[in-house]
Amino acid sequence: MKIENQVTLEFPSRSANEGFARTAAACFAAQLDPTLEEVNDIKTAVSEAVTNAIVHAYPDTLGKVLVRLRIREGNALEIMVKDWGVGIADVERARTPLFTTGSEERSGMGFTIMESFMDTLKVRSTPGKGTSVTMLRRIARRAVR
Amino acid sequence: MPVTCKEDKRSLTALVAGELDHHGAKTVMEELDRRIDAAQPRELTLDLSGLTFADSSGIAVLLRAHRRMGQVRGAMRVVNTPDQAGKVFRAAGLERIIRFE
Ligand SMILES: Nc1ncnc2c1ncn2[C@@H]1O[C@H](COP(=O)(O)OP(=O)(O)OP(=O)(O)O)[C@@H](O)[C@H]1O
Ligand SMILES: [Mg+2]
C-alpha cells in the first residue's frame with residue numbers, strides 16, 4: 001500500500017504528552033474525512049499505545065517515544081508507536097485481556113481496546129531493546145455532502 | 001478541578017470533568033477515594049457529562065470507585081456517559097459490573 005502522506009512526532013515519555021499525541025493524530029487523520037466516531041477511535045488507540053510506552057517501557061526513567069502517522073493508499077491511517085524501553089518478553093500473553101504487569105491504576109485492557117478499535121494491530125518487541133506497535137484503520141469514503 | 005462533589009444526606013454525586021487518561025486519572029482516583037472515605041455514602045453517582053476523553057485509565061478509575069463503594073456497603077451508578085467513553089467502557093465489558101444509566 002503506497003504511502004501518500006506522513007508525519008513523525010518524537011517526545012520524552014512524560015504523561016503530559018499523551019493528550020498532545022492523540023490530538024495530533026486526530027488532526028492528521030482529518031484529511032481522510034473521518035466521522036466523529038472514527039476520530040474518537042483513533043484518539044483512543046493512540047492514547048493506549050502512547051500510555052503503554054510512557055508507563056511500561058520506561059518505568060523509572062524518561063525515554064524517547066516516537067509516533068509515526070501515515071496515510072496509506074485506500075484511505076487508511078497507519079499509526080506506529082515506538083519506544084526503546086524494557087520490551088515485552090511474551091507478547092501473546094501481554095495482548096490477553098486483563099493481563100497487566102501494572103499497578104491498580106492499570107486494567108490490562110489497552111491492547112484489547114487497540115485491537116477492537118483498529119482494523120489490524122502488530123506488536124514487535126525485544127526485551128531490553130524496545131517495542132513497536134503498528135495499527136491500521138481504514139476510513140470509509142463518504143458521499144460528498 | 002476535575003472532580004466536583006455534591007452531598008445530600010448519605011448520597012454523593014461526583015461530577016467528573018476533563019480527560020480521564022493516565023495523565024489525569026490519578027488525581028480523580030485520589031479525590032474519589034477521599035470523598036468516599038469522608039462521606040461513607042449509601043449511594044455514589046458518577047456524573048460523566050463533563051468528560052471529554054477516557055481510555056483504559058478511566059476503566060481503572062471506575063473499577064476502583066466501584067470496589068471502594070462495595071467496601072463501605074454502598075451502591076454506585078454512572079450517569080451521562082459520553083459516546084467516546086461509553087465505547088471504551090463497553091469494550092472492557094464494564095456494563096456487566098457497573099450500573100450505567
Ligand atoms: N511499550 C511497552 N513496553 C513494555 N511493556 C509493555 C508495553 N506495552 C505493553 N506492555 C506490557 O503489556 C501489558 C498489557 O498492556 P495493556 O495496555 O493491554 O494493559 P495495561 O497497560 O497493563 O493496562 P491498561 O492499558 O488497561 O491501563 C502491560 O501490563 C505491560 O506488561
Ligand atoms: Mg495499557
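In helix α4(A), the buried residues are G110(A), F111(A), T112(A), I113(A), M114(A) and F117(A), where buried stands for under 20% relative accessible area, exposed for over 50% and partly exposed for what lies in between, computed with a 1.4 Å probe on protein chains only. The structure is a predicted model, in which local features need pLDDT of at least 70, side-chain atom pairs count only at pLDDT 80 or more, and totals for chains, interfaces and linings use all residues, while side-chain values use heavy atoms, with hydrogens and water left out. Residues are numbered from 1 along each chain as its sequence is written, and chains are lettered from A and ligands numbered from 1 in the order in which they are written. Helices (H or I, at least four residues) and strands (E, at least two) are DSSP runs, numbered from the N terminus.

With six of its eight residues buried, α4(A) is mostly covered. Its buried residues pack against α2, α3, β4 (120–126) and β5 of chain A, and also against α2 (56–71) and α3 (83–91) of chain B, contact being taken as heavy atoms within 4.5 Å. From the side of chain B, the buried residues in α3(B) are Q84(B), A85(B), G86(B), V88(B) and F89(B). These residues pack against α2 and α4 of chain A, as well as β3 (43–54), α2 and β5 (99–100) of chain B. Just after α3(B), G93(B) takes a positive phi of about 75 degrees.

Rolling a probe the size of a water molecule over the atoms shows where empty space is left. The largest pocket holds about 620 Å³ of space; on a 1 Å grid over the protein atoms alone, a pocket is an open set of points where a 1.4 Å probe fits, with protein on both sides within 12 Å along at least five of seven lines, whereas a cavity is a set from which the probe cannot get out, and lining residues have an atom within 4 Å of a point. Grid points are joined across faces, edges and corners, and the volume is the space filled by probe spheres set on the points. Of the 34 residues that line this largest pocket, N52(A), H56(A), I88(A), T101(A) and F111(A) are the closest to its centre. Two or more lining residues come from each of α2, β3 (76–83), α3 (91–94), α4 (110–117) and β5 (130–138) of chain A, and α2(A) gives the most, with eight residues. The lining of the largest pocket divides into 14 nonpolar, 14 polar and six charged residues, with Ala, Val, Leu, Ile, Met, Phe, Trp, Tyr, Cys and Pro counted as nonpolar, Asp, Glu, Lys and Arg as charged, and the others, Gly among them, as polar.

In helix α2 (residues 36–57) of chain A lies K43(A). K43(A) is buried yet has no salt bridge, and the nearest side chain of opposite charge, that of E19(B), is 5.4 Å away; a salt bridge requires a side-chain nitrogen of Lys or Arg within 4 Å of a carboxyl oxygen of Asp or Glu, and for charge Lys and Arg count as positive and Asp and Glu as negative, with His and the chain ends not counted. Setting aside residues up to four places away in sequence, K43(A) touches R22(A), A26(A) and F53(B).

E19(B) does pair with R22(A), in a salt bridge of 2.9 Å, N to O. R22(A) lies in helix α1 of chain A and E19(B) in strand β2 (residues 11–20) of chain B, so this pair joins two chains. R22(A) counts as buried because its relative accessibility is 0%, whereas E19(B), at 38%, is partly exposed.

A further pair that crosses between chains is formed by E105(A) and K26(B), whose side chains meet in a salt bridge (3.1 Å, N to O), with E105(A) in the loop between α3 and α4 of chain A and K26(B) in helix α1 (residues 22–39) of chain B. E105(A), at 23% relative accessibility, counts as partly exposed, and so does K26(B), at 43%. Leaving aside neighbours within four places in sequence, E105(A) is in contact with K26(B), M29(B), S57(B) and A60(B).

Within helix α1 of chain B, E31(B) and R35(B) lie four residues apart, about one turn of the helix, and their side chains meet in a salt bridge (3.5 Å, N to O). E31(B) is buried, with a relative accessible area of 13%, while R35(B) is partly exposed at 28%. Salt bridges that share partners also join E104(A), D33(B), D37(B), R64(B), R67(B) and R68(B) into one network, and the structure holds 22 salt bridges over all chains.
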